[in-house]
Structure formats: structure tokens, C-alpha cells
Amino acid sequence: MKRNLPLIVAFISGVVILVGGFIPRDPFPRIESTLIEWFMIISGFAILLGQASLLRMNVARVAEKAPNWQYYLAGLISFGLMLAFGLLWGMEKTPGLLGQGQGIVDKLGTKPFDYLFENAFIPLSATMFSLLAFYIASAAYRAFIIRTFESNLLMITAVIVMLGRTSFAPVLTGWIPDQLSWLRLPELTNFIMQYPNTAAQRAILISAALGIVGASLRIILGIERSYLGGGK
Amino acid sequence: MADLMTTLGIWLAAFFTLSIFSFLYKDNPFYKFAEQVFVGLSAAYWLVYTIYNILIPNLFSKLLTDFSGNLVLLIPMLLGIMMLLRMFPKLQWISRYPLALMVGTSAAMSMLLSFKSDFLEQMAATMINPFKFTSAVDVVGTIMVIVGTLCGVFFFYFSKKQEGLYKVPSKIGIWFLMVSFGASFGYTVMARISLLIGRLDFLLRDWLHLIK
Amino acid sequence: MKMPERSVVERRIVFLLLVLAVALPILFPLGLKTQSTPLTEQVYGLVESLPEGVPVIISFDYDPSTITELQPMAEAVIEHAWKKGHKVIATAMWPQGPQMAEIAFKDVQARMERKDAAAKKHPYGEDYINLGYKPGGLVTIQGMGRSMKAIFPTDITGQKYDEIPLLKPVRTLKDIRYVISLSAGDPGLRDWIMTANGKFNVPVAGGTTAVSAPGFLPYVNDQKQLYGLMGGLKGAAEYELLLGYEGTASLGMNPQSVAHILILAFILFGNIRAWKKRKADRLALEAKNG
């Protein structure tokens, strides 16, 4: 029963949206708008749930003095600081509990939340992902070995595209005459992206769309139940 | 004071940047510290924006200013609280209701929308007359799109082991996919390098002032 | 001191070479010029074709991890829209979006004033508005198609939707003349294409990271599901070129180009090494078998 009733809820909401997609007359548009507003509000609580779980996990690690607990404490302190700054003085044009905090803005140059965002969050986020550049360079040296005809095709395309998307491209093949202009790197790159790449990506999109239809129907009809989680 | 704080801010940004980069040499306390600070800031940021951009304007503000006119909003609020009960193992089953509502709604919407835009429109976009173009490059290219799309779908769809003539469209489909993956690899390299350019530009220009 | 393994040493050399390949062209620019491509020109054409005063949406669907690629695109599109007199409505499907939007608006304003001290000012509430972050992707966009006010009861300052003059002509998404989504993943451009264009026939154009760009090309078709696409740093540089200025993206193409050549060199050396090893193994096997 604990699993069946939610399946009925999923079925009803799914069918209402599906029928509403084909019958644009009252009451379906109103029901759809209501469901969408509720969806957004519940999403907000779902985000709260995620943050609460993370907080609980980190507090437990610090309390039990798990390995590296000092770093989790640093995480909790930064969480608390950012949350306090945001709630008290708000961010950018949004006022907080203490208004727009003009006094603090005069001292810091910006609101404390924005200060932390620009000088801590942005560098941390951007640098974390920029590490990938090093890994792709290392992988290029060690892992991209040509063995078969198909991998040859992949590598040749990659070389053309990588050269074609640089500023060297017009210089490297600028000498090719106009009658064979399609062989010039920039034009060849555009050709590859516009035609064979589009064909393959379109095949992927079409196949994925059919997959989505199948998966969505399975969810609405209650055949797919993994989103309910384990247990009775 | 503001100027001093701006300078301090740049040094803070540089400290965090170099702490993360230090991982390339090996894992170390600076990296571990920076990583956990990132997690903390990220979570708090999202929480603050959830409160100020979703919960206050779309729920609490409406309930507080016109409670009787917005009584129906008590339902999503209740469903939201039921969602929060997922944190407690014994009460987890209660969270299935709001989850089911969200999953049912989004499954139905994405089914309708993706079927139109990713299936019907894509099929229509493939059904072009290649010979309407004057340039040979466009004619050849359009034929490639038609052949490549059909062979690609053939490859994905007919997963039974293929023999003889039936192998040909699959093979052609794989070749087109390989070309596409090569193009994706080229673009991925571009994306990753771009991220590094941004960081080094910050260090050399804004921190060390080596560039005007 | 124990010497690190050969593979670790090799890896560190690769990392060092990459840093040099990127840092040196930043310090000593090569003066390379970018060429624009039809995909970016289509986006430019869409913005250029519309008259003054029309409401448009720029959706900031990314976070700081992709700032190098997408922020220059945001700034270029904002500058273009302001030059054309369009009323810019900023929305965000990612939580960091509203903050990235505010930084972009400030930076564009500052750049326009640096170029010309008497440049027209673009005050908040008159030439642009920031409606903030809403989760939900295509579900939320579908809601925007029914009623913008229901999804965005206020802007980020807390002012009510009905009290904002810029939003008076905008009842639903159908009143928007174009949507440009700057997107780093999901939710993002795909949701805008499927919903804003697929259901409500609003023209959609986009800027994405280079990683996602190849996957969006099928939408650039006769059905005009997507009015062009700016892909990665090069796409941003092309838009800057079309607008006539050399911003961070254009300057970034110098180290980008050199780094690409380096990666190709790595692939070449890696393959030569693998081929030599295969040959040596084959000779050893032949020698063993007599």
C-alpha cells in the first residue's frame, strides 16, 4: 500500500499532463499551471533536503572525529559564514534581513556574500574544473592510440576540428585556390560539423527521444518504480 | 578600506586557485582545505538562493500577504515538508508522495516535448531534397545527413546480431558516429583548455599584474 | 630521496608544457585574428533583426566553472541587445546564474563607459531586469508560457511583477521576441528549445560550452528550432568580432590555438611511442618463435 498509492499519484499527474497536452481547453490549462507552481515549490524543499543531508553528514564526521575531520569543520564554517552573510545582508540587489547593508558595502566595496562569491567561490569553482585541461593533455599523450579503421576516422576528424577551431586555421590552408575552398581548414571543419556530425547527433537524438517516451510511459504506468527508493 | 579589501580579495582568490592547482603535484592539506571550503560555500549559496528566489516569493510571501486568497499553496507546502521527512529513515515512505507527483509531471511533460522536438522535428529536418542546393558541397553534405541519420538510427535500433547485407547500414552508422565522436573530442579539448586559460589569465593579469 | 616513477615524471612534464603553452601566449600575444562562422552569424542576425523596445530573455544557465567560455558570450549579447535598444530580461535555471548575470551587466556597463565616457547609461528596471533563479527546467519554462507572473511573482529586488514597467507588455513567454540561453548543461538550452520554441514558437538561440556544442547542431535546421549557436571560446570570440571589439574571448584564442597544437603533438608522440612498442613486441615474439 505504501508503494501503490504513490504510483497512483504519479499515474494521475502524468495522465492529466498528457491529456492536457492534447486538449487545450479548461480545466486542463489551469490544472497544468497549478501543478507547475507546486512542482517549483516542492523542488525548493527538495533542495533544502539536499543541503540538510549534507550538513548532517558533515556534522557527524566532525563530531565523531572521523579522518580529516578538520577539513569538514572548515567546510561547515564556510557554509555558516556564507549562509549568515546571505541571510543578513542579501546578495547583489536582493535585500537581506538587515536590508541592503549600505554600511558594510561602503567598507567592503560589495556585500559580504558577493565578496565571498567573487573571491572564493568563483576561483574555487573555475580552478576545480580547469584541472580537466591537464588530465586531457595527459590522456592525449597516453590513451589516444590509433588501432582500427574506426579509431583512425575518429582521430583524423579530431585533428581537422582541433586545427580548424584555432586562429592558425586560415593561415595554414589559405593558399588553397577558391575552386577547392571546401578543403580549407575552417570550411572543412564547418562541413564536418554541419553534415556528418549533425547526422550522427540526430540519430542519437531520435533514438534517445524514443527511449524517453518509453521510460516516461513506464514511469506513468507504474512499471518503473526505482524512483520510489527501496523498502516496502 | 574598500581598496584594501579588493586587494585582499584578489590574494584570497589567488590562494584558492593555487591550492586547487597544487593537487596536480599531489594531494595535500591546502587542496583538501580548499575542496571542503568549496563544498561549504556551494551548499550555502544554493540554500540562500532557494530561500530568496523560490521559497519566499513563490510561497511564503504570498501566504503572508494574502493567506485566504492563497490557501491552495498550503498543499505544496505540506508536500514539501513531506519531502523533508526523507531525512528520517522510519518516515521515508512519506516522501514518496511528493516525489511521485514531481516524477509523474516531469515524465509526462518531457515525453510530449521531446517527442515533438527530438523526434518529429528531427525527422522533418532530415527530409530535405538534397538537389535543391546549387553548390556541390551542400548537395553531398545533405545526402550525408540523410544517409548518416538513417544508418545511425538503424545501428541503435536493431541490436540483434546482424549478418550479411544487414551489417552494411550499421557499419556506415558507426563510421558517422566515429566522425561525430572525433568532432566532440576536438571540441572537448577546446573546452578544457579554455577553462585553464581563464585561470592563468587571472593569475598573470589580476594577481601578478604581468599584463596591462 | 626516492625518485618518482617514470610515468609520474612524464605526467609532470606534460603538465608543465601545457602551462607554458597557455601562459606564454597570454604574456606575449601572437596577434592572431578570428574568422566568424555561419552559426554565430545566425545568432548575431537574430538580435540585429529586431527593432528597439522589444522584450527579450537572456537565460544564464551556467555556473562559474564555465565562466571563461560563457561570460564573454553573455557580455557580447548584452552589449548587442542594449545597442539595439532591446529590453533585457535575465532569468536563470542554475542557482549561480543571477549572480553571473549581475556581474555581466556591471562589466558591460563599465566597458561601454570606458570606451566612451558619454555612453548611454542602462539603468536597472528600465533597460534590464533580473528575475532570478527558478528550478525545474522545462516544467518551469512551460509555466512561463502560461503566465510569467505566476513563475516570477517578483524580481530579485522584491518588487512585484505588476509594478515593473519593463514587464508590462510581457504576460507570457509568447510576448518575448527571442530567448538566448547561455548554457553549460542540464537544465539549459535543450529545455528552452523543446519548450519555448517547440511549444510556444519563440525564437531561441544559444551559447554553450564547447563540450555540448556538437550535440546541438541538429537543432540548427530549416524548422529553425535553433537560430544559430555560439560554441565555446571561439564562438564568443566570433561574436566579439562581429560586434567590433577585442574582448577576453578574442585574446583567449591566442593561447587556445597554441595549446591545441601542443595537444596534437602529444597525440602524435603518444602514437609514435605506441607504434614503436608494438614493433618491438612483434620482433621479440618473432625472435622467440624462431
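The legends below describe close-up views of a predicted model.

**View 1. Chain A is built from helices.** The secondary structure of chain A comes to eight helices and zero strands, so that reading along its sequence gives the pattern α-α-α-α-α-α-α-α. Buried residues make up 45% of the 232 residues in chain A. Of the contacts in chain A between residues at least 6 apart in sequence, 33% join residues at least 24 apart.

**View 2. Chain B is likewise drawn with helices and zero strands.** Chain B has six helices, in the pattern α-α-α-α-α-α along the sequence. The C-alpha trace of chain B spans about 70 × 60 × 40 Å along its principal axes, and the radius of gyration is 27 Å, whereas a compact globule of 212 residues would have a value near 17 Å. Buried residues account for 46% of the 212 residues in chain B, and among the contacts in this chain with a separation of 6 or more, 18% involve residues 24 or more positions apart.

**View 3. Chain B meets chain A.** In this view, 101 residues of chain B are in contact with 103 residues of chain A. On the chain B side, helix 1 (2-21), helix 2 (29-65), helix 3 (74-84), helix 4 (96-126), helix 5 (136-157) and helix 6 (167-207) each supply at least two residues that touch chain A. Sorted by class, this side of chain B has 70 nonpolar, 25 polar and six charged residues.

**View 4. Chain C meets chain A.** Here 48 residues of chain C are in contact with 48 residues of chain A. The elements of chain C that give two or more residues to this side are helix 1 (6-27), helix 4 (97-115), helix 5 (138-146), helix 8 (213-216) and helix 10 (248-289), and the largest share, 12 residues, comes from helix 10 of chain C. The side of chain C that touches chain A divides into 22 nonpolar, 19 polar and seven charged residues.

**View 5. Chain C is assigned two stretches of structure as domain 1 and domain 2.** Domain 1 of chain C takes in residues 6-28 together with 253-289, while domain 2 covers residues 38-246. The C-alpha centres of domain 1 and domain 2 of chain C lie 40 Å apart.

**View 6. Helix 2 of chain C has a buried side.** The buried residues of helix 2 (residues 38-48) of chain C are Leu39(C), Thr40(C), Val43(C), Tyr44(C) and Val47(C). Seen down the axis of helix 2 of chain C, these buried residues fall within an arc of 140 degrees, so they line one face of the helix. The face turned away from this buried side carries the exposed residues Pro38(C) and Glu48(C). What covers the buried residues includes helix 3 (67-83), strand 5 (204-208), strand 6 (229-231) and helix 9 (232-243) of chain C.

**View 7. Strand 2 of chain C is enclosed.** Six of the six residues of strand 2 (residues 87-92) of chain C are buried, so this strand is largely enclosed by the rest of the structure. In a regular strand the side chains alternate between the two faces of the sheet. In strand 2 of chain C, Lys87(C), Ile89(C) and Thr91(C) point one way, while Val88(C), Ala90(C) and Ala92(C) point the other way, and all are buried. Strand 1 (residues 55-61) of chain C pairs with strand 2 of chain C in the parallel sense over five bridges, and the bridge partner of Ile57(C) in strand 2 is Ile89(C).

**View 8. His209(B) and Asn201(C) have positive phi values.** His209(B), which is not a glycine, has a phi of about 55 degrees and lies in the segment after helix 6 of chain B. With 9 other C-beta atoms within 10 Å, His209(B) is exposed. Phi of Asn201(C) is near 55 degrees, and this residue is found in the loop between helix 7 and strand 5 of chain C. Asn201(C) counts as exposed, with 11 C-beta neighbours inside 10 Å.

Note on methods: Residues numbered from 1 in each chain as written. Chains lettered and ligands numbered in written order. Predicted model: local features only at pLDDT ≥ 70, side-chain atom pairs only at ≥ 80, totals over all residues. Contact = placed C-beta atoms within 7 Å. Helix = DSSP H or I, 4+ residues; strand = E, 2+ residues; numbered from the N terminus. Nonpolar A, V, L, I, M, F, W, Y, C, P; charged D, E, K, R; others polar. Buried ≥ 20, exposed ≤ 12 C-beta atoms within 10 Å, placed from the backbone. Arc of directions from axis to C-beta. Domains from an automatic or database assignment. Pairing = 2+ DSSP bridges. Rg over C-alpha atoms; globule rule 2.2 N^0.38 Å.
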